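Open the model in your viewer and keep the selection panel to hand. This tour gives you what to select at each stop and tells you what is there.

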Amino acid sequence: MFNNPSLVTRIAIGKSVGLFIGIIGFIILPMFWPEVPTMTKWGFMLWYTTMGAFIGVFGVFTWHPILKSPMPWWFRAPWIGAWMNFILTLFIYNDLQIMMSNVFATNSIFSSPFWLTAEGAIVGLIMGYLALL
């Protein structure tokens with residue numbers, strides 16, 4: 001069963017990894033942003049759980065039907081993670097700007113909220129790899 005994971009297994013693994021990362025974010029987010037709203041913490045935790053589910057669902061698609069080309073897991077999973085976090089950044093840009101200015105200097109290159117997109121690609125890569133096992 002674990003040699004070629006089924007769709008349900010991939011979704012379960014993706015959601016589990018996403019929930020784990022979400023719980024870590026739930027716990028450490030107040031260290032970066034002490035006034036973080038509770039709804040934002042819950043939102044991050046559920047967002048990463050949903051991202052894991054999406055990566056698990058798309059883990060069974062290895063061929064792009066329109067482009068007629070293969071889509072390996074190392075391309076597909078980071079792309080989904082980056083896209084999901086890019087959308088999240090667009091929704092909560094102002095809150096992320098406050099958090100990033102608390103963590104980094106205001107004029108630093110790392111103070112942009114769009115770094116969450118790169119973080120989503122890394123998390124997506126991890127989720128995709130673990131869903132592949």
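**Stop 1: the cavity**

Select Arg10, Ile55, Gly56, Gly59, Trp73, Arg76, Ala77, Gly128, Ala131 and Leu132: in this predicted model, they line the largest cavity. About 70 Å³ of space lies inside the largest cavity. A search of the whole structure for cavities of 30 Å³ or more returns 1. Now colour the lining by class: 5 residues are nonpolar, 3 polar and 2 charged. Helix 2, helix 3 (73-91) and helix 5 each give at least two residues to this lining.

**Stop 2: helix 3 against helix 5**

Keep helix 3 and helix 5 on screen. Their axes lie 7 Å apart, and the packing angle is about 140 degrees. That angle makes helix 3 oblique to helix 5. The crossing of the two is right-handed.

Next, show side chains at the contact. On helix 3, pick Trp73, Trp74, Ala77, Pro78, Gly81, Ala82, Asn85, Phe86, Leu88 and Thr89. On helix 5, pick Leu116, Thr117, Glu119, Gly120, Ala121, Gly124, Leu125, Gly128, Tyr129 and Leu132. By class, this contact of helix 3 with helix 5 holds 12 nonpolar, 7 polar and 1 charged residues.

**Stop 3: helix 1 against helix 5**

Which residues of helix 1 meet helix 5? Select Arg10, Ile13, Val17, Gly18 and Ile21. Facing them from helix 5 are Val123, Met127, Leu130, Ala131 and Leu132. The contact of helix 1 with helix 5 counts 8 nonpolar, 1 polar and 1 charged residues.

Arg10, Ala131 and Leu132 are in this contact, and they also line the largest cavity.

**Stop 4: the pocket**

Finish at the largest pocket, with about 500 Å³ of space. Centre the view on Phe32, Tyr48, Met99, Leu116 and Glu119, which lie nearest the centre of the pocket among its 19 lining residues. Which helix supplies the largest share of the lining? Helix 1 does, with 7 residues. Helix 1, helix 2 (38-57), helix 4 (93-103) and helix 5 each supply at least two.

Notes. Residues numbered from 1 in each chain as written. Predicted model: local features only at pLDDT ≥ 70, side-chain atom pairs only at ≥ 80, totals over all residues. Heavy atoms only, no water. Contact = heavy atoms within 4.5 Å. Helix = DSSP H or I, 4+ residues; strand = E, 2+ residues; numbered from the N terminus. Nonpolar A, V, L, I, M, F, W, Y, C, P; charged D, E, K, R; others polar. 1 Å grid on protein atoms, 1.4 Å probe; cavity = no way out; pocket = protein on both sides within 12 Å on 5 of 7 lines; lining within 4 Å. Points joined across faces, edges and corners; volume = space filled by probe spheres on them. Axes fitted to C-alpha atoms, helices over the stretch in contact; angles between N-to-C directions. Parallel < 35°, antiparallel > 145°, perpendicular 65-115°, else oblique. Left-handed = near helix turned anticlockwise from the far one by under 90°.
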